[in-house]
Amino acid sequence: MKRSNEPVFWSLFGAGGLLAALIGPALVFITGIAVPFALMNPDTMNYAHMLAFSRHGAGKFFVFAVIALFMWHAAHRIAIVLHDLGVHAVALVKFGCYGLAFLGTAIAGYTLLTLGS
Amino acid sequence: MSNQRPYVRSMDGWWKRNAYYLRYMAREMTAVFVAAYAVVLLVGVVRLGQGEAAFNGWLQALKSPLSLVFHLVVLATFVYHTWSWFNIMPITMPMMFVGRNRVTPGTITGIGLVAAVIACAALFVIVRGTYA
């Protein structure tokens, strides 16, 4: 019997969902509301700070994990919900959703690597 | 033999038929906003790699009213995601036992929500402390 690839995608879905559930609300509040609208220090996310953060090993890993896992989480859910909504081209939908998540992961990974350390 | 085709009830809008399906759809639809937020962050990383001027453009875009509305909607869906994630956790994870007693669904959900509040507070305090 051919092995299912489902555990791989489900693990990425689960990891992304858990990460989003644990820190997502705070992350969105900080990056999208508090810093741009000066409820926190507006220099928190300035170029120098974010460059230093993304060059640091732990910071690089954090940024990569958030972007990649959020994308794989969303890709898996959207693929399944499209099926539930009557889109039965399962292979095509999965290729599109996982393909976009892979593309996002690759762009994030490549960019973070080229930022240096 | 009848050559009439049997009646097949349409599945269109099935998720509007009861509250359970509606909650299911609401929970799954949070993924669209999780994806959108990930794209915003990805654009930020790409702009960071293109230099200071490009990154400042991204920061400036975050200050627009449209961005504020977008992030408020995303924030609301993330809070709903957190709530629903731990709400269904008792049925997505293996059964847990303490001694001979099964850990109740309410306990699992409660621990998850408390963990999320602590994690969010910790992230907030760390960021504020680092860039005071």
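Predicted model: local features only at pLDDT ≥ 70, side-chain atom pairs only at ≥ 80, totals over all residues.

Colleague: Then which residues of helix 4 of chain B does helix 1 of chain A meet?

Modeller: On the chain A side, A21(A), L22(A), I23(A), P25(A), A26(A), L27(A) and I30(A) take part. Facing them in helix 4 of chain B are A115(B), A116(B), A119(B), C120(B), L123(B), F124(B) and V127(B). By class, that contact has 14 nonpolar residues, with no polar and no charged ones.

Colleague: And how do I describe the geometry of a pair like that?

Modeller: In general, you give the angle between the two axes and the distance between them. Here, helix 1 (residues 6-34) of chain A packs against helix 4 (residues 105-130) of chain B at about 35 degrees, and their axes are 7 Å apart. The crossing of these two helices is right-handed.

Colleague: What are the angle and axis distance for helix 4 of chain A and helix 1 of chain B?

Modeller: For helix 4 (residues 90-114) of chain A and helix 1 (residues 19-49) of chain B, the angle is about 30 degrees and the axes are 9 Å apart. Angles under 35 degrees count as roughly parallel, so helix 4 of chain A is roughly parallel to helix 1 of chain B. Their crossing is left-handed.

Colleague: Which residues meet there?

Modeller: Helix 4 of chain A brings G104(A), I107(A), A108(A), T111(A), L112(A) and T114(A), while helix 1 of chain B brings A38(B), L42(B), V45(B), V46(B) and G49(B). The residues of this contact divide into 7 nonpolar, 4 polar and no charged.

Colleague: Zooming out, how many residues does each chain put into the contact?

Modeller: Chain A supplies 44 residues and chain B supplies 41. On the chain A side, two or more residues come from each of helix 1, helix 2 (47-55), helix 3 (57-84) and helix 4. Helix 1 of chain A gives the most, with 14 residues. That side of chain A has 30 nonpolar, 12 polar and 2 charged residues.

How values were computed
Residues numbered from 1 in each chain as written. Chains lettered and ligands numbered in written order. Axes fitted to C-alpha atoms, helices over the stretch in contact; angles between N-to-C directions. Helix = DSSP H or I, 4+ residues; strand = E, 2+ residues; numbered from the N terminus. Left-handed = near helix turned anticlockwise from the far one by under 90°. Contact = placed C-beta atoms within 7 Å. Nonpolar A, V, L, I, M, F, W, Y, C, P; charged D, E, K, R; others polar. Parallel < 35°, antiparallel > 145°, perpendicular 65-115°, else oblique.
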